[in-house]
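Please examine the sequence and the model displayed here. The briefing below is arranged by topic.

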Amino acid sequence: MSESTRYHIIGTAGHVDHGKTVLINKLTGINTDRLKEEQERGISIELGFAPFKLANGSMVGVVDVPGHEKFIHNMLAGIGGIDLVLLVIDVNEGVMQQTREHLQILQLLQIPRGILVLTKCDLAEADWIDIVEEEVRETFAGTFLEKAPCCKVSAIQGDGIEELQQTIQNILGELPPRDEDGPTRLPIDRHFTISGFGTVVTGTLLSGRIKVGDSVEVMPPGETVRVREIQVHGEKAEVARAGQRVALNLVGLERSDLVRGAVVATPGFFTMTERFDARFNLLAEAPRPLKFRDPVHLHMGTAKVTARVVLLDRDEMQPGESVLAQFHLDQPLVAHRQDRFIVRSYSPMTTIGGGQIIDPAPVKHKRFRKEVMQALKELESGEGSFIVQKLAELGCVKLKELEQASGLGRDRITALLEDLSTAEQVKRIGDQWVTVETARSWQRILVESVANYHRDHPLQPGIPHATLKATLPVKVAPKAFEQLLGDLITDGQLAQRGEWVAQVDFTARPTEAQELLLQKLVKVYLEAGFEAKGRVDMLALAKVPETQVESLLAFLFSNGTLIRLNDDSLIHKKAYQEAVAYLKAHFANKETLTLAEFRDLIGSARKQTQAILELFDRLKYTIRKGDERVAWKLPE
Ligand SMILES: Nc1nc2c(ncn2[C@@H]2O[C@H](COP(=O)(O)OP(=O)(O)OP(=O)(O)O)[C@@H](O)[C@H]2O)c(=O)[nH]1
Ligand SMILES: [Mg+2]
């Protein structure tokens, strides 16, 4: 199959026994009722899968669902990712209970397109078929299938099958291709072990692509594993692409770790959550109101969990109402903003509603709070999420840049950023804005960089600020960097040591060989007295290896043995203390001090004397007045 081949997934839907599986057999040549029990009872139980090729070369994967109400959970696991549904109706029976329930589910999941298929037309008179078509049209008025094409077929005799194929091709041709460049996401609908081969999982690849050898994350449990082999529509392949039915052989995954509903994903992209905020619609057909914290069954992708509905602004919601609510799940699942889900009543199990996720990882909200509801509305309206997305793309930006990038006015953006900050989605650092996620990832970089620096420079008390800042993207402004770092220090994750940043429990420890070199260095500095020495002198005088001189000097500087006069010149602490003593003694008797006077006191060269006096100025011991200095804040 060439790179340009398009892939789509279509699904069946409809009441039990209305002819879905036989129709798919006719279209694909494959009987998807594989189980002995399915064949004996003549009904589908599990999901069935079959590929076929359209006349134009496009590949279609069919997910055939069971119609029986007892197996609706299986239907829900298969229907989520489809591009097009074939809603199958036995023309002799017309619209039945699961025809309606499936229609509700398809509506709630916002399946994009559909075809009405009237089956078993070989058993009905033409007039009757017309009457049923009219009835079906009435039932579907106002739904996404209102204007859907209607195909009349006999799967047994083959009438209408070609026309159905053509209709499928036409509709799929109008759909945009799947997002292959997006994150990998494959909700697992089956998994099994083949002896000597390991664990195999199957599912529909909703977005992204997977190559043999890739690392993928299976969540839950949240383990990263390697893809050993791929099959696409039953054939071995090197790459699986969005829109394909895929089987993956995964290395290092125990079958016992797996649950149906787990997702194979790009490592680190999605979050597992036990709580999310959503727009939730209770169907007008729901038999009773839903109360605060009522338990429900929640279906999302191939996952099924029990959840409690935390109504945020009321104690009870009526059938037909739409609310913003928080769902508390009894098990973690992968959730993403804008994912859709179905809710069924706890008992008896019927579909009562569905919704769309607004925030997959919110805090627990206080109920009946105007600002909570307002923030959720903003998030839902899309502008907020747009801002978050933009920020995630741009890294960190000033308000002005965000204004340009979003096309929204300053007032609107400011209000949005305020709400998004309250919702802990974005954050202000210095005078730049970032997403909370980006800020966290940068802080992880900082923490890692400090650890790496310690590893590479065990003698150094820590990483210099400028070096640490350079590990972040250039666009992070100094103020923003200071704040990210400051928060880590306040949190106790890193420590500030003079001009270095270090791990909280880090102490520099020289090796024996380094200890010897340090002694040599100290000796040279002691002997030099007031004469400042730098890197180059040390290479020559103490014969310290070029690669080590920097870190050895930094070590002596950081523990106070050496005092820095300027960029490269250092003197020993002893000489410095002597100089301070001379300074204090001098000012005990005199008001002013000239360079020449101080040079005579310490008996050093003019250049050195000047360097020491300039240090005193910087330390505010003295202050310069023309050619003279006067005492300012002399040390105790
Ligand atoms: N005469 C006739 N019989 C059909 C046709 N399509 C299906 N049938 C019969 O209808 C019965 C049910 O067909 P299936 O395809 O298993 O129905 P289904 O919709 O898949 O059923 P579930 O998966 O259990 O919901 C079988 O006995 C088929 O032989 C058709 O076009 N003409
Ligand atoms: Mg079937």
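The points that follow cover conventions, sheets, a pocket, a helix and selected residues.

This is a predicted model, in which local features need pLDDT of at least 70, side-chain atom pairs count only at pLDDT 80 or more, and totals for chains, interfaces and linings use all residues. Residues are numbered from 1 along each chain as its sequence is written, chains are lettered from A and ligands numbered from 1 in the order in which they are written, and side-chain values use heavy atoms, with hydrogens and water left out. Helices (H or I, at least four residues) and strands (E, at least two) are DSSP runs, numbered from the N terminus.

**The sheet of six strands**

- An open sheet with mixed pairing places 6 strands in the order S2-S3-S1-S4-S5-S6; two strands count as paired if DSSP finds at least two bridges between them.
- Its edge strands, each pairing on one side only, are S2 and strand S6 (150-152).
- From one strand to the next, the twist averages 25 degrees; axes are lines fitted to C-alpha atoms, for helices over the stretch in contact, and angles run from 0 to 180 degrees between N-to-C directions.
- Strand S3 (residues 59-64) joins S2 through 6 bridges in the antiparallel sense, and Val-62 of S3 stands opposite Ala-50.
- Helix H6 (residues 161-174) lies across strand S1 (7-13), S2, S3, strand S4 (84-90), strand S5 (113-119) and S6, and runs at about 170 degrees to S5.

**The second largest pocket**

- The second largest pocket holds about 400 Å³ of space.
- On a 1 Å grid over the protein atoms alone, a pocket is an open set of points where a 1.4 Å probe fits, with protein on both sides within 12 Å along at least five of seven lines, and lining residues have an atom within 4 Å of a point.
- Grid points are joined across faces, edges and corners, and the volume is the space filled by probe spheres set on the points.
- Its lining has 22 residues, with Arg-190, Thr-202, Gln-231, Gly-234 and Ala-247 nearest the centre of the pocket.
- Two or more lining residues come from each of strand S2 (48-53), strand S7 (185-194), strand S8 (198-204), strand S11 (223-232) and strand S14 (245-251).
- S14 supplies the largest share of this lining, 5 residues.
- By type, the lining comprises 12 nonpolar, 6 polar and 4 charged residues; Ala, Val, Leu, Ile, Met, Phe, Trp, Tyr, Cys and Pro count as nonpolar, Asp, Glu, Lys and Arg as charged, and the others, Gly among them, as polar.

**Residue Arg-228**

- Arg-228 lies in strand S11 and is partly exposed, with a relative accessible area of 38%; buried means under 20% relative accessible area, exposed over 50%, and partly exposed in between (1.4 Å probe, protein chains only).
- Beyond its neighbours within four places in sequence, Arg-228 is in contact with Phe-197, Val-212, Asn-249 and Val-251, where contact means heavy atoms within 4.5 Å.
- Arg-228 and Phe-197 are 31 residues apart in sequence, and their C-alpha atoms are 9.6 Å apart in space.

**Helix H3**

- Helix H3 (residues 72-79) is largely enclosed by the rest of the structure, because 7 of its 8 residues are buried.
- The buried residues of H3 are Ile-72, Asn-74, Met-75, Leu-76, Ala-77, Gly-78 and Ile-79.
- These buried residues pack against S1, S3, helix H4 (97-109), strand S18 (294-300) and strand S22 (340-345).

- Strand S21 (residues 322-335) is mostly covered, with 10 of its 14 residues buried.
- S21 pairs in the antiparallel sense with strand S16 (residues 271-282) over 10 bridges and with strand S19 (residues 303-311) over 5 bridges.
- His-328 in S21 stands opposite Arg-275 and also opposite Arg-308.
- Ile-357, found in strand S23 (residues 351-359), counts as buried because its relative accessibility is 2%.
- Beyond four places in sequence, the contacts of Ile-357 include Phe-276, Met-300, Ala-335 and Phe-341.

**The sheet of three strands**

- An open antiparallel sheet has 3 strands in the order S31-S33-S32, with strand S31 (592-594) and strand S32 (622-625) as its edges.
- The twist of this sheet averages 35 degrees from one strand to the next.
- Helix H17 (residues 573-589) packs on the sheet, touching S31, S32 and S33, and its direction makes about 130 degrees with that of S31.
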